[in-house]
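Let us walk through this complex step by step. We begin with where the chains meet, then turn to one partner and to the confidence scores.

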Amino acid sequence: MNSVLLEAFISAVSWPNIIYSFGAVFFGVLMGAMPGISGTLTLALLIPVTFGLPTASALIILTASYCGAIFGGSITAILINTPGTGGSAATCLDGYPMAQKGQANTALGIAASSSFIGGVIGVLAFALFAPPLSRLSMLFHSPEYFALALFGLSIVAVTAKNAMRKGLIAAGLGLLFSTVGYSPLTGFIRFNFGITYLEDGIPLIQAMIGIFAISQALVLVEEKGANIAGGKIVGTVLKGILIPFKYPLTLIRSILFGIGFGALPGVGTATANFVAYMTANRYSKHPETFGQGNPEGVVAPEAANNALVGGALVPTLTFGIPGNAATALLLGALMIHGLRIGPALFTTHAIITYTMVWGLLFAQLFMLIIAILGANIFAKVTLIAKELLVPIIVILSLIGSYAIRGSAGDIILAIVFGFIGYLLKKAGYPTICLILGLVLGQIAEINFQRSLLISDGSMAVFFTRPISGVIMAIIAISLVSPAIKAKMAERKKNRNN
Amino acid sequence: MKTAKNKLLHLDFIFPVILLIFVSVLLVESLSYPAKTRQFPQLIGGITLVLLVWEVVSRIIKTSAKTKEAEETPEEISTRRKKFATLSIAMGGYLGLIFVIGHFAASVVFLLVTPFITGMTLKKDYLKVLIMVVIMTLVVYLLFVRFLQVRFIPGFLF
C-alpha cells in the first residue's frame, strides 16, 4: 500500500501534472467567479481538453478545476453578494456584510482557509473511508431523503429567528416555485399558465442569480455611499486565514456535513452549504450577529462546500452512482479513459486513483496560494464606484443566466426573480428561506411521494425506519430546543432577580 | 431635519396581500390537477396561505397601532426611488433592445448608458466609464463568445 501511495505521489508531483493541477485550479477559480458558470460547467468545458492526456492527468485537471470553481464562486459571493455557483449561496450571508465593513480581504482569507481545511479533510475521508462511507450512503432511501429535506427546511425556524412567520412564508413560496413544471411522479405539468418556458420548471441557478445578483444591483443603486466597502479596506488576509482555527467545532461539524451530504447522491452542494451555515448559527455563542458579518458564518459554508468534493467522490467511484452533476461528468470521463468503476479503482487502478487523491490535495494548496496572493486584488472590487459596479453585475448575471441554456427566457426569469428578491428584502422576508425552499422542494416532494408509495400511504414510514426516525427526532429536538432554552433562560433570570 | 412618514409599513401590508392573492391563484389552479399531482403543492400552498392570512391580519393591527418616522428625508427618498426606477427601466430597455440590436450590442449599450443615468457625470467620469466598457466588452467577448461559444441572440447590429 505504501509503495502505491509513494508511486502515486511521485506521479502527482511530476511534470506536467503539477502544472496541470495549478492551471486547472486557476481556471476553475476564474470560471467559478462568473455568475452562472458552475463547477459542473467548468468540468464539462475541460473534458474534451483531457481526451488526449494520460488518465491520471485528466483526473487531476477535472477534479482540480471543480475545486477551484467552488472557491471561485465564493469570491463574488463575498465581494458583490452574488454567488458564482449555487454551492456558495450561503457564503453571501455573512461574507458580503464583511465586505461592506471593508473586510473583504479578511472574508476571502477565511473562505480560502476554510475551503482548504474542508477540501483536504474531505479528500482524506474519501481516500481512507470510501468503502464504509459508501455502504452507509446506500442505507438512505426515499424516507431518509425526505427526512433530510425536512431537516434542511427546519433550518428556516432558526434562520428567521425574529421573523419566523415571514421565513416560513418565504420557504413556502420557494417550495411552491419548485413545483412549477412537470410533476416528478405523474409527469403532469403544473402552474405553467400556458407558458411553454415554465414546463421544465423554474431553473434553480437562474432564479438564484436573480434573487442574489439582480436584487443586489437594485439595492446597491439606491443605497447611500460611493462604493460597497465605504471608502476603505481595513481587513487583512492573514487575519482571515487564521480565523477558522478559532472555531474548531464549527469547522469539524461543517466538514462532516460536507462529506455526508456529498456522499448522498442528489442532495447537492447548496443544501450542504446552507445546512452547515444554519447549524453554525444555531450553535454559535453569538447567533444574533449572523447575517451582519460574523466570520463564523463564512467558515461554516466554505468548509462544507469544499469537503463535499471528497464526499461526492465516494458513491461515484465505489458504486458508479454520482453524488452530483459534476461527479456524473467525472464518471463519464473515467469511462472514456477506460477505467472500471468499483473496488477495482482501489486495487487494479490504485495508482491512478491515488494520483488523483494527491492531485486533489495539491489543488487545495494551490487554491489557498491563489487566494492569498489574490485576496487584496479581488477586494479592490468593493472600492469600485457603485454606478460602475451595478451595470457590471447586471450584465455578467444576465449573460451568465443566458449562457447556461442559451434561452432568452432565462434572462427574463432572472430579472423577475431579481424583483421578487428585492421586494422580499424590502418587506423584511429572509430571501435565504425562499432559496432553501427552491433547493429542497424537488427532493422533498419526490421522496415524500415515493415513501408514501412504498408504505401504501402510511406516514409511519418516516418514523419507523431507524435512520429517518433519528433524523425526525433531531428535527423535533432542534425545533423545540430554542423555545426550551429561552424558557430556561427566562426562569434563571427571574430566579436571579 | 425634515422627515417623512415611513412608507415601509404600507409595503409590509401590501406585499403579503399580493402574495396571498398569488398563492390563492395557485391553489385554485391546482384543483384541476390529478390527486397525486396536486397533493404536495396543495399541502404547501395551504400552509403558506394560513401564514399569509395571519401576517396580513397582524399587519393591519400593527399598522393602525403605530406609525414610524423614517430616517430619510423626503429628498433622499425621492432620489432613492428615482435611481431604483431608472435601473428598472434600464433593465427593461436592455431586454427589449436585445431583440432589436442583438444581445451583445445591447449589453455594450447597457454598460455605456447605465453609469450615467444612475449618477455619473459625462464631463467628469467619461474616461472611467469608457475603460469599464472596453474591459467588460472584452471579457464578455473573449469568455462567452470565443471560449464558451455562447450563441447570443442576434440583432441587426451583432
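Two residues count as in contact if their C-beta atoms, placed from the backbone, lie within 7 Å. By that rule, the contact draws 39 residues from chain A and 46 residues from chain B. Keep in mind that the model is predicted.

Which elements of chain A give two or more residues to the side that touches chain B? They are helix H8 (164–178), helix H9 (204–222), helix H16 (386–405), helix H17 (408–426) and helix H18 (431–454) of chain A. H16(A) gives the most, with nine residues.

Now turn to chain B. Its elements are five helices and zero strands. From the N terminus on, the order reads α-α-α-α-α. Chain B has 158 residues, of which 27% count as buried. Among its contacts with a separation of 6 or more, 71% join residues 24 or more positions apart.

How far can the coordinates be trusted? The model scores ipTM 0.89 and pTM 0.81. Chain B has an average pLDDT of 84, and 87% of its residues score at least 70. In chain B, confidence is highest in helix H4 (residues 103–117) of chain B, at a mean of 92. Confidence is lowest in helix H2 (residues 35–65) of chain B, at 85. Residues 1–5 of chain B have a pLDDT below 50. This stretch still has 12 contacts in the model beyond near neighbours in sequence. Where pLDDT is low, the predicted coordinates should not be read in detail.

Definitions and conventions:
Residues numbered from 1 in each chain as written. Chains lettered and ligands numbered in written order. Predicted model: local features only at pLDDT ≥ 70, side-chain atom pairs only at ≥ 80, totals over all residues. Helix = DSSP H or I, 4+ residues; strand = E, 2+ residues; numbered from the N terminus. Buried ≥ 20, exposed ≤ 12 C-beta atoms within 10 Å, placed from the backbone. pLDDT = per-residue confidence, 0-100.
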